[in-house]
Amino acid sequence: MRKVFMAVVLIGVLSLFAIPAGTKSIGVSAYIGDIMADDFDYSFDVYGGYFFMDNIEGVLGLNFWGTTDTLAGDAVFGFEGGAYYHMPMSDVLGFYAGALFGYSSAGDGYMYIPIDAGVEYFVTESFAIRAYNRFQLNFGEIAPGIDMDNSDYIMIGTVNYF
């Protein structure tokens, strides 16, 4: 009985700080690769979201990837779509996690699944700074017979809720 009571209390506490359905968001995030190396890569993501249920957000985004390596070729564009689950813990701190499905124009084009988990620090009631880890499952080949490795990034960004 005590376990059931604790589960009910925990759900009640987490529901005190919900992001309501109908809320919209616009955000930007980025990462920079090893800047100490001669050539490094970078990425910028722009995305928008809509909360179709309390704390559950549908997300669509565009991304741009580039490198300082002059032999690597052109910049790469892609798009992503998926969902995040948000867990606001207080007025200033929250956690979120989710998965997306993406397509990139690199090479002949390939698909990938980014899995994000991170923390949001609310500067104001509607503006937050995000820091999160992105593990990306890549489904494609760099060249025939050479599969792409999965990748792991530390991303930083901002988001505005309205």
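Q: How much space lies in the largest cavity?
A: Keep in mind that this is a predicted model. A search of the whole structure turns up one cavity of 30 Å³ or more. The space in the largest cavity comes to about 90 Å³.

Q: Which residues come closest to the centre of the largest cavity?
A: The lining of the largest cavity is made of 14 residues. By class, that lining has eight nonpolar, three polar and three charged residues. Closest to the centre are Asp45, Tyr47, Glu80, Leu100 and Arg134.

Q: Which strand gives the most to the lining of the largest cavity?
A: Start with the elements that give two or more residues to this lining: strand 2 (41-53), strand 3 (56-67), strand 4 (76-88) and strand 7 (127-139). The top contribution is five residues, and it comes from strand 3.

Q: Where does the largest share of the largest nonpolar core come from?
A: This core has 15 residues, and those touching the most other members are Val59, Tyr84, Met155, Val159 and Tyr161. At least two residues each are supplied by strand 2, strand 5 (93-104), strand 7 and strand 10 (151-161). The largest share is four residues, from strand 10.

Q: Which residues is Val59 in contact with, leaving aside its neighbours within four places in sequence?
A: Val59 is one of the core residues that touch the most other members. Once its neighbours within four places in sequence are set aside, its contacts are Tyr47, Gly48, Gly49, Glu80, Gly81, Gly82, Tyr84 and Leu100.

Methods:
Residues numbered from 1 in each chain as written. Predicted model: local features only at pLDDT ≥ 70, side-chain atom pairs only at ≥ 80, totals over all residues. Heavy atoms only, no water. 1 Å grid on protein atoms, 1.4 Å probe; cavity = no way out; pocket = protein on both sides within 12 Å on 5 of 7 lines; lining within 4 Å. Points joined across faces, edges and corners; volume = space filled by probe spheres on them. Nonpolar A, V, L, I, M, F, W, Y, C, P; charged D, E, K, R; others polar. Core = buried A, V, L, I, M, F, W, Y, C linked by side-chain atoms within 4.5 Å. Buried < 20%, exposed > 50% of the residue type's maximum accessible area, 1.4 Å probe, protein only. Contact = heavy atoms within 4.5 Å.
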